[in-house]
Amino acid sequence: NPQPVYLSEYQSPAFEVEDLELDFDLAAATTEVTTRMAVRRNPQAAEPGAPLRLYGDGVELVSLTVDGAEPGEGMLEEDADGLLLHGLPEAARLEIVSRCHPEQNTALEGLYASSGNLCTQCEPEGFRRITFFPDRPDVLTTYRVRLEADRAQYPVLLANGNRVEAGELDGGRHYAVWEDPFLKPSYLFALVAGDLACQRDTFTTMSGREVQLELYVEAHNADRCDHALASLKRAMRYDEEAFGREYDLDVYMIVAVDDFNMGAMENKGLNLFNAKYVLASPDTATDDDFVAIESVIAHEYFHNWSGNRVTCRDWFQLSLKEGLTVFRDQEFTTDCTLYGVKRIDDVSLLRAHQFPEDAGPLAHPVRPDHYAEINNFYTLTVYEKGAELIRMLRTLIGRETFRRGLDVYFERFDGQAVTTDDFVAVMAEVSGRDLTAFKRWYTQAGTPHVTAATAQDGSTGEFRISLGQYTPPTPGQEHKEPVVIPVRVAMLDDDGRRIRGRLEGGPEQDEWVLELDRSERSFHFDELSATPRAVSWLRGFSAPVILEANQSATTLAHLLAHDDDAFSRWEAAQTLMRRAIRARIEDDAADSVLEAEIQHALAALLEDPAIEPVLLATILQLPPPRELAELFDCVDPVRLRAERDALEARLYAPLADRLRERQPKLDDIDNGAFTADAMGQRRLRNRLLALRVAAGDESAVPEVLEQYRKARSQTMRMGALNAINDLNHEARALLLADFERRYHDDPLVLDKYFGLQAASQVSGGFDRLEYLLQHPGFRWSNPNRVRAVLGPFMARNERHFHQADGEGYHRIAGFVEKLDRMNPQTAARLVQPLTRWRKVDPARGEQMRAELERLAALEISRDLRDVIERALADA
Ligand code: ARG
Ligand code: ZN
């Protein structure tokens, strides 16, 4: 069994590293690394005579000297985690020569080969696969790195910081020396050696320094770099304007890599990116891809302060940098790109992915207190819920105070490795508030449920809001304490205008943040300017909770028609639709009165000339099955999907004409413009077209064909394909065949084809799956390909993944087993849908569980075992 590490056992390192030199003799088969470091006993260390721990994972030790001499008898101990050096003096110089094998590294952690280039991924514990080192985030030092390699094969040699030297060597070899003046932990180390084209630009910082921007890609992708470079410049400007953060080195490099486990990595001055989050042209990438690229580019850039200049003391603090940086990138996208619906898109992501995680066997706090494999904690909870905690802090202490707090945080902890407690302490200090209770959000797992009720006293004009909270138990946390929940509310009158009034005798306002800081609490309002017709709850989704407000359908329709908060308006429609699905599943009958009311409200919305296209498109969408499943203790997923689709058809069939009338014209919008307005129009057209097809409007099919043929952008092409992807119609086969022909040698676009085929509800899903896995464009060694096929198959192809005989589960378990031998991290993610076995009907749950048991009995990686064991605990 994987042995867990506990936060409570944290000890500061026994030694500090004063400086570090790494010499790489690079080759794909075997790379030799010479590591020279000066170490000195850490005065803060708990144990005075403790040995120096040098982690190493699969690295071959060639030689080691201490102050130029072989270590004495009993000094050097080798164990499963690497090396221990006993009896070191106060200060010593170490020189270690070691070897690793990039070409054989299919785990894509440490130094590995991708498309003939060499690159690294060190976060969280990959550096120890490159050389022996105190590979922990609280050991910070300066790096001088010398790279030497064959010039023809690896003309480009990159590492962190500034290039201080380069030159030719005998035998067709060359070298480069890089120095990074900033203190950093080993997880931020990176190198790249390869044959890459460079796209350049420059950025002048707010203090007037010119920074060279360099984007490295394979030569044939050189024409797909403009968007990434433009995004980078927008992000750099935004961080200065919104957060006062300036870039610090003279060069900022980004390298696109084909084989990459995650999205991207913020290595100091040398970001490595999954090519998917760099390369884009209107012909190959959709608007959503453009937005995602901009957001990941910004995310990694923002890490330069929230992560690199101020880093994490240990990996329990991961959300210190990830939650904060996600918050920062969400703000950027909101302000620069998507305006109103960015928040809704983020809430959807949270509900469809983080809420289920928080309600399942893998639930863990934003700051976990133990883990068996840290790679399994790069989760929606640490990232997205972590960002929600930051946003709640800002709501509670106010925007200006929060901004001041961030300045203090960056200033005070610059060059240090700190904790989430340190972060909250700064916010408490600047705001003068006691945030002790708020910190429960970091330590307690599970999504709180909030109940809300109102009472009106007609004679006195007094209005009361009562709120209550409850968090269900999660693994290892039976009993939950109340958390501090900011509930932003407004009240609307009969005309949909905001009502003014006073809360507990406070100033007159028309919007309030109610702080629910115990199990139950009431809030009294008086001098209201009108009688409330509807309360707009949790505006802007002010807290990551599940709200139960029991509003009538008429009240929800009123909010849907008038609410000026985009989230709450969307939420009104979502609540109505959730209620309709619930009626179908629980009572086994459609609630026709409710459905008629929903339809009426949607019809009115379609007539509303004032609503923004992108908001309209977003509101019309029914909640995804994954999110709906959370409404039930357990549910037959095939039936849930069918009921959802049937509701969609019932609601929209009578509205087909209005949907068509509201559709923007293809020629007016298919212009490749990356603006909020243009993207909104395209989202609306694609959504309406898809809804018409789903509603059985036959006249929509020829329009889909026409849109596909005339499309000048990938957004409109994919819009057409998505619209008919579940339709058993020859048009579907025709278009998909054309798409495959067109993009068969363009991996990132081919992934879209894989996704469509894998997700389709059209019968024959297992044959299609087999076809895709045998496709010349498919490779098990590439995480993007694997995820493109298996991700949508599990997430959106209920009919096949959840086929009643268990075939889907069996196949997936087989793929997980195969993949685990190559890439444990990706296998441990791929298996996760099977861990939700308690949430499906018992017959299916039993089959899923049996597949997990079968895997658990095999020799599998620590990554995979950790996930499976948590999923099977108490089973
Ligand atoms: N720090 C990176 C980011 O969020 C993610 C790297 C995670 N890598 C991993 N192998 N778990 O930007
Ligand atoms: Zn990050």
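## A sheet in the order β4-β7-β6

In this predicted model, three strands form an open sheet whose order is β4-β7-β6 and whose pairing is antiparallel. Because β4 (52-55) and β6 (76-79) stand at the edges and each has a single partner strand, one side of each is left without a neighbour in the sheet. On average, and with direction ignored, neighbouring strands here are turned by 20 degrees against each other.

The pairing of β6 with strand β7 (residues 82-85) is antiparallel and rests on 4 bridges. Within β7, Leu-84 is the bridge partner of Glu-77.

## A sheet in the order β29-β26-β31

Another open sheet consists of 3 strands in the order β29-β26-β31, again with antiparallel pairing. Its edges are taken by β29 (512-516) and β31 (534-536), each of which has a single partner strand, so one side of each is left without a neighbour in the sheet. Neighbouring strands of this sheet are turned by 40 degrees against each other on average, if direction is ignored.

Strand β26 (residues 485-492) pairs with β29 in the antiparallel sense over 5 bridges, and Val-487 stands opposite Leu-514 in β29. Helix α9 (residues 553-562) packs on this sheet, where the helix touches β26 and β31, and the direction of α9 makes about 55 degrees with that of β31.

## The shell around ligand 1

Which residues surround ligand 1? The shell is made up of Glu-123, Asn-261, Met-262, Ala-264, Met-265, Glu-266, His-299, Glu-300, Glu-322, Asn-375, Tyr-378 and Gln-825. Sorted by class, these are 4 nonpolar, 4 polar and 4 charged residues, and both β19 (264-265) and α2 (287-302) supply at least two residues each.

## The annotated N-terminal domain

An unreviewed UniProt entry carries the annotation "domain: Aminopeptidase N-like N-terminal" for residues 106-188. Over residues 106-188 the chain is 53% strand and 0% helix, with the end C-alpha atoms lying 21 Å apart.

## Helix α28 and its surroundings

In helix α28, which spans residues 862-872, the buried positions are Asp-863, Leu-864, Arg-865, Asp-866, Val-867, Ile-868 and Ala-871. These buried residues pack against three helices, namely α25 (807-820), α26 (824-830) and α27 (842-856). Just after α28, the backbone at Asp-874 takes a positive phi of about 60 degrees.

Key: Residues are numbered from 1 along each chain as its sequence is written. Chains are lettered from A and ligands numbered from 1 in the order in which they are written. This is a predicted model: local features need pLDDT of at least 70, side-chain atom pairs count only at pLDDT 80 or more; totals for chains, interfaces and linings use all residues. A residue is buried if 20 or more other C-beta atoms lie within 10 Å of its own, exposed if 12 or fewer, and partly exposed in between; C-beta atoms are placed from the backbone. Two residues are in contact if their C-beta atoms, placed from the backbone, lie within 7 Å. A residue is near a molecule or strand if its C-beta atom, placed from the backbone, lies within 6 Å of it. Ala, Val, Leu, Ile, Met, Phe, Trp, Tyr, Cys and Pro count as nonpolar, Asp, Glu, Lys and Arg as charged, and the others, Gly among them, as polar. UniProt positions are given in the numbering used here, feature names are shortened, and annotations may be inferred rather than shown by experiment. Two strands pair if DSSP finds at least two bridges between them. Axes are lines fitted to C-alpha atoms, for helices over the stretch in contact, and angles run from 0 to 180 degrees between N-to-C directions.
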